[in-house]
Amino acid sequence: VAPERPQSGIAVHYSLTDDQRSALEAFVTKAASSSMAHTPYESVNRQIENLQCGNCHGVHEGFPSLELMGGKLKPEWAEKFIAGHLDYRMRPWLEARMPAFEFHAKALAQGMAADYGFPIETPDHVAIDADKAEVGRKLVSATDGFACITCHAVNDTPATAVFEAPGTNLGYAGRRLQHEFFTRWVLHPLKVDRSSKMPVYFDKGSSPLTRYYDGDAYMQVGALWHYVLQGDDMAPPVFEQQAEEEEESFD
């Protein structure tokens with residue numbers, strides 16, 4: 001960025017103003033010291049490398065790829081998980097356990113979120129719409145739904161018949177997942193994670209279950225989101241006998 005034109009006639013000369021040159025010099029100085037930065041955004045990849053997270057994530061089955069994590073997890077939940085402060089296990093069927101990194105937990109959780117453009121603190125939840133949540137409950141159910149309960153538990157209600165791969169408990173989904181990730185994951189699971197065993201239920205914005213919102217996929221996924229936002233208060237999915245009783249009381 002020297003102001004003088006190079007004498008060799010070979011080097012590139014940029015006609016920069018004094019202000020532009022000063023700005024570039026300030027940026028280069030800051031970049032040179034970024035290796036000492038401790039903001040979540042600037043330090044997260046360095047911490048991930050130092051802690052050797054890539055030795056397991058994206059390598060061993062059951063350990064999600066690190067490329068997914070920042071856009072997937074709410075930073076508050078991720079901090080508790082990384083610190084080892086959860087009182088439940090997300091994947092109890094896995095023998096391997098992730099070590100706790102309590103000292104690094106907050107910076108890692110916030111840094112991963114910031115790296116994907118999410119705020120380091122999740123905004124307050126939208127108000128739960130009870131009617132939408134009820135539709136979500138039916139969509140999760142085996143009767144007149146997508147039968148998500150086959151592989152996913154809902155709080156204390158266990159999965160009914162896991163075939164190839166168990167799914168995480170949906171009772172934790174609302175407090176754990178970013179809304180944007182949940183929507184992409186339900187609509188296009190294989191586009192989000194090629195190793196996912198979750199079936200694809202929607203096609204170009206349409207759902208085969210036309211009795212709910214005329215088969216509008218985005219409305220149905222929204223209803224599922226309101227259902228999982230209830231967390232511990234989620235009503236159990238509908239089972240066949242219960243569905244018959246509800247149908248009779250409706251008639």
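This is a predicted model: local features need pLDDT of at least 70, side-chain atom pairs count only at pLDDT 80 or more; totals for chains, interfaces and linings use all residues.

Reader: How much space lies in the largest pocket?

Author: About 1,200 Å³. The lining has 43 residues, and the closest to the pocket's centre are Pro-166, Gly-167, Ser-196, Lys-197 and Met-198.

Reader: And which elements give two or more residues to that lining?

Author: Those are α3, α8 (179-187) and α10. Of the elements, α8 gives the most, with four residues.

Reader: OK, what volume does the second largest pocket have?

Author: About 420 Å³. It's lined by 24 residues, with Phe-81, Met-90, Arg-91, Arg-97 and Met-98 the closest to its centre.

Reader: Which elements give two or more residues there?

Author: For the second largest pocket they're α3 and α4 (75-83). Here α4 gives the most, with three residues.

Reader: How do the residues of that lining divide?

Author: Into 15 nonpolar, four polar and five charged.

Reader: Switching topic: at what angle do α6 and α10 pack?

Author: About 100°, and their axes are 7 Å apart. That's helix α6, residues 130-140, against helix α10, residues 217-228.

Reader: So parallel or perpendicular, roughly?

Author: Roughly perpendicular, because angles of 65 to 115 degrees count that way.

Reader: Which residues in α6 meet α10?

Author: From α6 you have Lys-132, Ala-133, Val-135, Gly-136, Arg-137, Leu-139 and Val-140. On the α10 side they meet Gln-220, Ala-223, Leu-224, His-226 and Tyr-227. By class, that contact has seven nonpolar, three polar and two charged residues.

Reader: Buried or exposed?

Author: His-57 is buried, because its relative accessibility is 15% and the cut-off for buried is under 20%.

Reader: What is it in contact with, leaving aside neighbours within four places in sequence?

Author: His-57 is in contact with Phe-63, Pro-64, Ser-65, Leu-66 and Met-98. You've met Met-98 already: it's one of the residues closest to the centre of the second largest pocket.

Definitions and conventions
Residues are numbered from 1 along each chain as its sequence is written. Side-chain values use heavy atoms; hydrogens and water are left out. Buried means under 20% relative accessible area, exposed over 50%, partly exposed in between (1.4 Å probe, protein chains only). Contact means heavy atoms within 4.5 Å. Axes are lines fitted to C-alpha atoms, for helices over the stretch in contact, and angles run from 0 to 180 degrees between N-to-C directions. Angles under 35 degrees count as roughly parallel, over 145 as roughly antiparallel, 65 to 115 as roughly perpendicular and the rest as oblique. Ala, Val, Leu, Ile, Met, Phe, Trp, Tyr, Cys and Pro count as nonpolar, Asp, Glu, Lys and Arg as charged, and the others, Gly among them, as polar. On a 1 Å grid over the protein atoms alone, a cavity is a set of points where a 1.4 Å probe fits but cannot get out, and a pocket is an open set with protein on both sides within 12 Å along at least five of seven lines; lining residues have an atom within 4 Å of a point. Grid points are joined across faces, edges and corners, and a volume is the space filled by probe spheres set on the points.
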